[in-house]
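Work through the exercises below with the sequence and model open. Each task is followed by a solution in steps.

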Amino acid sequence: MTFNPLAEKGIPVVDQFKSWDDLLLDPIDRAPSDPHTRSRIILMNGIEVESVMFSHQFHRQTDNPVLREKLSMNRRADQLQQKTINWLLPGDLTPLETTIGYEQVAVDLTSWLARNEPDPQLKLALDFALLEDFDHLYRYANLYELTNGRDAAELTKSLTEITPGRPTIFHHTDPLDVIRPHYETHSVHPLSRLHVMTIVAAEQQTMNYYMNHGPEFMEPVARALYAEIAQVEEQHVTHYGSLLDPLDSWLCQLVFHELNETYLYHSMYLQETDDRIRQVWELNRDMEIGQLHAACEMLKTFEGRDPEEILPPALPEVPVTFETNKDYVRSVLEATVDLRQDGLGFADVDEMPADHRLFEFQNIVNAGTVPSNEVIRLNTEAQGRDYRDETDGPNPVIDLRDPVGAQGAMA
Amino acid sequence: MTTTSPIFTTTYESGGSTQPMPGLYVNPERSRPPAQFEALLDGELNPPFIVDFLSAALTHEQCGRHLYRSVAGRTNNPMLKSKYEHFGDETEQHVLILQELISALGADPGYVSPSARATEKLDHGALEATFLLDGSLDVMTRELAMLDAVVLAETVDQANWLAIEQIGTELPEGRAKEALVAAAEKARPQEDEHIAWATQKRAQLIHLQATRPLVTGMTATAEAAMEWFKGLFAA
């Protein structure tokens with residue numbers, strides 16, 4: 001059944017404020033029966049953070065009192081939503097455990113978006129970074145075993161495999177090579193626009209999380225691993241952020257943000273297995289509809305444009321879904337492990353000239369200890385093997401089947 | 001393709017397509033490289049450029065419709081409001097004329113050319129200048145900023161229609177020539193009126209303030225200015 005948020009009443013923004021008692025709900029279990037309940041919380045927190053930061057940037061571009069007031073109202077409501085949602089994560093989940101949750105989100109969200117992406121070039125962009133986040137999950141899972149003696153599959157419930165992807169040592173790319181061509185706002189498929197906005201927000205939140213939590217660790221290898229992967233996340237945010245068309249006005253971007261949030265809350269609502277959390281998604285979807293209406297009013301008043309001119313007639317039929325993507329990840333890994341970014345496009349590493357700036361850059365950053373390799377070396381030394389959760393057989397790339405290969409020593 | 005209703009924002013659903021550029025990726029099904037337009041106009045003149053230019057002209061009219069709706073809703077003067085609404089309606093007709101012209105030439109009004117994108121950015125900038133800084137502008141300056149945007153928009157408009165007519169006259173006899181000239185003949189008298197009115201009203205507003213110190217006193221407070229401005233231009 002189609003769902004058109006413009007035809008829904010939603011909750012007016014002015015009615016969205018609540019008491020501290022009502023703001024925070026009981027958190028979910030540390031290891032929920034469906035780990036993707038945690039994934040949905042992590043994603044929607046990132047979506048709200050992006051919404052808040054976008055609104056702040058917009059607010060700084062205008063002194064129009066009406067716009068500033070309406071942006072302030074919407075933003076305060078976004079901030080309440082962010083608190084309700086992020087505070088659903090339990091206090092006994094450590095930053096490293098949350099990190100493993102973030103990477104599970106990255107793998108299964110990116111896979112789902114890529115599988116459903118109508119534009120082949122955008123799909124390629126998703127597939128490319130998918131393999132990097134997939135490898136980050138493996139590195140952090142090894143750190144988890146090394147420092148906590150625990151099994152990351154207790155958190156992922158083996159819905160997402162843990163095995164090397166494109167090794168992190170190869171992720172480090174010259175800043176000039178992580179910029180992609182962008183889509184065109186008048187011709188882009190509406191689903192593609194939402195996909196890109198979603199992955200930008202998710203990756204940005206991951207980058208921010210690592211930037212801020214990395215220094216909280218005592219173990220040098222953990223501190224270093226977070227620093228290294230946070231740098232890769234910067235690449236991902238640039239890679240994905242460059243896909244957005246800069247032609248869209250501030251107000252159009254605002255309306256698209258609100259639409260995407262509505263779509264995502266509706267998606268989370270449709271698939272949530274925990275009834276209590278399902279109600280949270282429903283409530284927040286209705287709040288987003290109210291915020292969407294407010295944004296549309298601003299668009300009409302100041303740009304003379306009806307929201308129907310720029311919005312699709314209904315939300316996409318298929319909700320963004322967290323589910324297992326093992327076969328898909330394996331197929332992408334097997335096919336594109338050797339892909340690298342090259343200018344505005346991609347190239348097979350074996351076809352890149354030896355003096356390519358990629359290698360020069362890697363020679364600089366990988367000159368000494370490489371933390372993402374060091375964590376594998378240390379954990380292999382401690383356990384007699386690296387940590388993996390390969391539920392569907394050995395890694396599809398032969399070179400990645402042992403810890404030495406996982407450190408980039410390809411045959 | 002025959003268009004029956006004006007489209008003010010081209011989207012994927014309305015058939016949007018564009019030209020790939022080094023920094024702009026286009027889904028293959030919506031990609032329109034210049035070579036696709038070379039056979040139009042029976043190969044006369046420079047069809048890819050003309051198609052791109054007409055796309056920019058269409059975008060400018062679409063943005064003009066948005067501009068008029070926006071300023072008509074925000075001006076404090078009833079006469080200006082009425083004119084903005086009237087010109088907005090005529091601009092809506094110009095959108096339709098251009099859509100039909102582009103279709104008649106065998107091109108697609110859903111095609112958004114690189115120059116259309118540059119036009120849209122320019123027009124967005126002019127429109128945003130009428131409201132993003134409202135908090136630091138007085139009533140008179142806000143009204144003048146809106147008139148400035150209209151003058152700028154109408155200046156480009158008039159130049160576009162003149163160029164369309166000139167292209168038409170350069171073409172050999174035939175349907176394309178007739179379509180271009182006929183479209184320009186329909187729109188140009190209205191465009192001439194729009195720019196003449198906007199230029200004159202802008203000059204009037206500036207002159208009033210420049211030559212009558214009393215005006216400054218009458219607009220000392222926002223409320224007084226609003227009241228004074230409401231009565232301005234009354235017959």
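**Exercise 1. Describe the lining of the largest pocket by residue class, then locate it.**

Step 1. The lining of the largest pocket has 11 nonpolar, six polar and five charged residues. Here Ala, Val, Leu, Ile, Met, Phe, Trp, Tyr, Cys and Pro count as nonpolar, Asp, Glu, Lys and Arg as charged, and the others, Gly among them, as polar.

Step 2. The model is predicted: local features need pLDDT of at least 70 and side-chain atom pairs pLDDT 80 or more, while totals for chains, interfaces and linings use all residues. Residues are numbered from 1 along each chain as its sequence is written, chains are lettered from A and ligands numbered from 1 in the order written, and side-chain values use heavy atoms, without hydrogens and water.

Step 3. The volume of the largest pocket is about 480 Å³. On a 1 Å grid over the protein atoms alone, a pocket is an open set of points with protein on both sides within 12 Å along at least five of seven lines, a cavity is a set where a 1.4 Å probe fits but cannot get out, and lining residues have an atom within 4 Å of a point. Points are joined across faces, edges and corners, and a volume is the space filled by probe spheres set on them.

Step 4. Of the 22 lining residues, Glu50(A), Phe54(A), Leu244(A), Gln253(A) and His257(A) lie nearest the centre of the largest pocket. Helix 2 (35-59), helix 7 (190-213) and helix 9 (250-271) of chain A each give at least two lining residues. Helices (H or I, at least four residues) and strands (E, at least two) are DSSP runs, numbered from the N terminus.

**Exercise 2. Find how helix 5 and helix 12 of chain A are set against each other.**

Step 1. The axes of helix 5 (residues 120-148) and helix 12 (residues 326-336) of chain A come within 10 Å and cross at roughly 95°. Axes are lines fitted to C-alpha atoms over the stretch in contact, and angles run from 0 to 180 degrees between N-to-C directions.

Step 2. Helix 5 of chain A makes the contact (heavy atoms within 4.5 Å) through Lys123(A), Asp127(A), Leu130(A), Leu131(A) and Phe134(A). Helix 12 of chain A uses Tyr328(A), Val329(A), Val332(A), Leu333(A) and Thr336(A).

Step 3. By class, the residues of this contact are seven nonpolar, one polar and two charged.

**Exercise 3. Characterise the largest cavity.**

Step 1. There are 11 cavities of 30 Å³ or more, and the largest cavity holds about 110 Å³.

Step 2. Its lining has 15 residues, with His186(A), Thr10(B), Thr59(B), Gln62(B) and Glu120(B) closest to the centre.

Step 3. Helix 1 of chain B gives the most to this lining, with six residues.

Step 4. The lining of the largest cavity has six nonpolar, seven polar and two charged residues.
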